[in-house]
Amino acid sequence: MSQTVFITGASTGIGHATALLFQQRGWNVVATMRSPEKSDLQQLDNVLCLPLDVTKPEMISPTIAQAIERFGAIDGLVNNAGYGLVGAFEACSPEEIRRQFETNVFGLMAMTRALLPHFRDRQQGVILNVTSVGGKMALPFYSSYNSTKWAVEGWSEALQYELRSFNIRVKLIEPGPIKTDFYGRSINVASNPELMVYEPASQQAIAQLEKISVQSGSAPEVTAQVIYQAAIDRSWRLRYPAGGNAGLLLGLRKGLPDWLWMPIMRKLVMKSWS
């Protein structure tokens, strides 16, 4: 019997590539997104495209019920839905920061909470949370985004202890720079006309990080492959660096002391402002 994966944020980028790969590997795929009627995934066999906004809790349980009714069970959850709020922290409004957490953290938690009874009843399941190298290393003017990814990293690590006795595995997927439309479709740049003092440095940093992503980033299919391998990995490994030199970046950040690492980051990203 084919296994079933439930993916959030499957309209483009990593989520879309992941849905395609699992379908090609013979899995049933529940591909969720805000506007499924626009997706080419709905033309594929064994793919169920459903509308879902993870910030609307009332949509989650009915969507899961539809998926189980169609395929009988869910074996894996890929928490991929998310976006980036960037810019100076002082320029980010409280409403913007709350919305960032509602999507990247609380929506992810709500999805997991809703599926845990199903996984516990079956005594199996895998939860794959897509974070970022930004969940282990901070980037200039990414304080809001980084804070959500750091939160998911810590939450996931703790969760694996809680769920191990139920044979439910928790996996963290940590992509490096990815060649997707993140800087077009999936990023919000905070700006406050009363705080223009930050603008030159923030614009330079954001532009430089986009340039690095374009030049050295990996295709989303690379991360999709890592997600698939993590899904079928029966070990209790927690973290999986994914493309864009993620392993190298995380290794350097772990190995270098703050006093050495932070000047390197300032020079790389902020240049004339370092």
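The side chains of E174 and R239 make a polar contact at 3.3 Å; such a contact is a pair of N or O atoms within 3.5 Å, where within protein one must be able to donate a hydrogen and the other to accept it, and residues adjacent in sequence count only if both atoms are side-chain atoms. The model is predicted: local features need pLDDT of at least 70, side-chain atom pairs count only at pLDDT 80 or more, and totals for chains, interfaces and linings use all residues. Residues are numbered from 1 along each chain as its sequence is written, and side-chain values use heavy atoms, with hydrogens and water left out.

E174 sits in strand β7 (residues 168-175). Strands (E, at least two residues) and helices (H or I, at least four) are DSSP runs, numbered from the N terminus. Beyond four places in sequence, E174 contacts residues including T131, K136, E153, Y240 and L250. Contact means heavy atoms within 4.5 Å.

Buried means under 20% relative accessible area, exposed over 50%, and partly exposed in between (1.4 Å probe, protein chains only).

| Residue | Relative accessible area | Class |
|---|---|---|
| E174 | 2% | buried |
| S213 | 9% | buried |
| S191 | 46% | partly exposed |

S213 belongs to helix α5 (residues 199-216). A polar atom of the S213 side chain lies 3.0 Å from the backbone oxygen of I178.

S191 is placed in the loop between β8 (187-189) and α5. Its contacts beyond four places in sequence are A91 and E199.

From α5 come A201, Q204, A205, Q208, L209 and I212; from α8, L268, V269 and M270.

The largest nonpolar core has 29 residues. Such a core is a set of buried Ala, Val, Leu, Ile, Met, Phe, Trp, Tyr and Cys residues joined through side-chain atoms within 4.5 Å. The largest share, 6 residues, comes from α6. F22 is among the residues with the most contacts inside the core. F22 touches V5, W27, V29, I227, Y228 and A231, not counting residues up to four places away.
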